[in-house]
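User: Hey, can you walk me through this one? I'm new to reading structures.

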Amino acid sequence: MDIAPTGNPPEKIPLLLLPGLLNDATLWRAQLEALADIADCQVGDLTRHDSLRATAEDVLSHAPPRFALAGFSLGGYIAQEILRIAPERVTHLALLDTSFKPDSPERAAQRIAQQNSVRMPGTFHGFGDTLMRSYIDASRLHDQVLVETVRGMTSRLGADVFLRQSRIERVDGSEVLRQWRGPTLVICGKNDAITPLTVSEQMAALLPQATLVVIPQCGHLAPLEKPQEVSAAMREWLVAPSGDV
């Protein structure tokens with residue numbers, strides 16, 4: 001005798017994942033697979049605009065009505081802008097290897113120099129050896145699979161996307177983070193040279209319900225460098241009720 005099922009499977013959590021500079025869905029490949037049993041994942045497109053507001057509004061126009069929100073690096077700034085626009089749509093917040101601080105004059109000047117170099121004649125190859133040493137941990141520089149994955153993303157997206165994303169102004173997010181009351185996860189690679197651990201510590205201190213997860217032997221690209229650790233932390237964050245994160 002066949003026995004009819006007694007109930008519906010639990011509803012999956014809508015999860016919006018925002019990549020970083022010159023990153024696409026490949027950045028989140030491991031998390032898309034590891035969290036598929038509990039989350040209905042969508043990767044936002046941050047490639048079409050050159051301002052925080054326009055990019056955030058574009059992402060929101062394609063997002064579910066309410067969702068958990070995870071932003072990596074540049075995606076963390078877009079996540080903060082989403083909180084300014086529509087905080088009521090966000091149920092959980094995760095900020096990975098990112099910052100809440102505005103660009104310093106030195107960093108702004110560096111961005112301009114990088115934009116000018118990209119405009120010079122020649123083929124855009126994405127991250128070269130110098131940038132790679134800043135983005136991934138020294139222990140992984142000879143991991144050709146990881147290096148080629150990163151180079152593949154950056155070269156696919158190309159110079160035009162790099163220029164648009166570089167023009168996005170990074171603004172102070174301290175006030176919007178202080179006001180956010182939802183469950184929050186802050187992840188940082190211990191050896192992140194782009195957004196150092198001290199910045200994540202300061203960011204977590206601003207957030208009333210933040211848990212800080214520091215991943216050892218990891219640089220800036222934590223979702224790719226340490227996918228299992230990132231996925232495990234995100235699973236706990238997604239399933240924990242408000243107040244327990």
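This is a predicted model: local features need pLDDT of at least 70, side-chain atom pairs count only at pLDDT 80 or more; totals for chains, interfaces and linings use all residues.

User: Which residues have the most contacts inside the largest nonpolar core?

Analyst: Those are L15, A70, L96, M234 and W237, in a core of 37 residues.

User: And which elements each supply at least two residues of it?

Analyst: Among the strands there are β1 (13-18), β3 (67-72), β4 (90-96) and β5 (184-189). The helices are α5 (129-135), α6 (144-167), α9 (222-225) and α10 (227-239). The largest share comes from α6, with 7 residues.

User: What other core lies apart from it?

Analyst: There's another one of 31 residues, and it includes L52, L83, V176 and M203.

User: OK, new topic. At what angle do α2 and α3 pack?

Analyst: Helix α2 (residues 52-61) meets helix α3 (residues 74-85) at about 75 degrees, and their axes are 9 Å apart. An angle from 65 to 115 degrees counts as roughly perpendicular, so that is what α2 is relative to α3.

User: Which residues make the contact?

Analyst: On the α2 side you'll find L52, R53, T55, A56, E57, V59 and L60. From α3 come Y77, I78, E81, I82, R84 and I85.

User: How many of those are nonpolar, polar and charged?

Analyst: By class, the α2 contact with α3 has 8 nonpolar, 1 polar and 4 charged residues.

User: What about D58, buried or exposed?

Analyst: D58, which is found in helix α2, is buried, because its relative accessible area is 12% and the cut-off for buried is under 20%.

User: What is D58 in contact with?

Analyst: Setting aside neighbours within four places in sequence, D58 is in contact with D45, R48 and H49.

User: Why doesn't 8.0 Å count as a disulfide?

Analyst: A disulfide is a covalent bond between the sulfur atoms of two cysteines. The two sulfurs have to be within 2.5 Å to count, so at 8.0 Å C218 is in no disulfide, with C188 as its nearest cysteine sulfur.

User: And C188 and C218, buried or exposed?

Analyst: C188 is buried, with a relative accessible area of 0%. C218 counts as buried too, at 0% relative accessibility.

Methods. Residues are numbered from 1 along each chain as its sequence is written. Side-chain values use heavy atoms; hydrogens and water are left out. Buried means under 20% relative accessible area, exposed over 50%, partly exposed in between (1.4 Å probe, protein chains only). Axes are lines fitted to C-alpha atoms, for helices over the stretch in contact, and angles run from 0 to 180 degrees between N-to-C directions. Helices (H or I, at least four residues) and strands (E, at least two) are DSSP runs, numbered from the N terminus. Angles under 35 degrees count as roughly parallel, over 145 as roughly antiparallel, 65 to 115 as roughly perpendicular and the rest as oblique. Contact means heavy atoms within 4.5 Å. Ala, Val, Leu, Ile, Met, Phe, Trp, Tyr, Cys and Pro count as nonpolar, Asp, Glu, Lys and Arg as charged, and the others, Gly among them, as polar. A nonpolar core is a set of buried Ala, Val, Leu, Ile, Met, Phe, Trp, Tyr and Cys residues joined through side-chain atoms within 4.5 Å.
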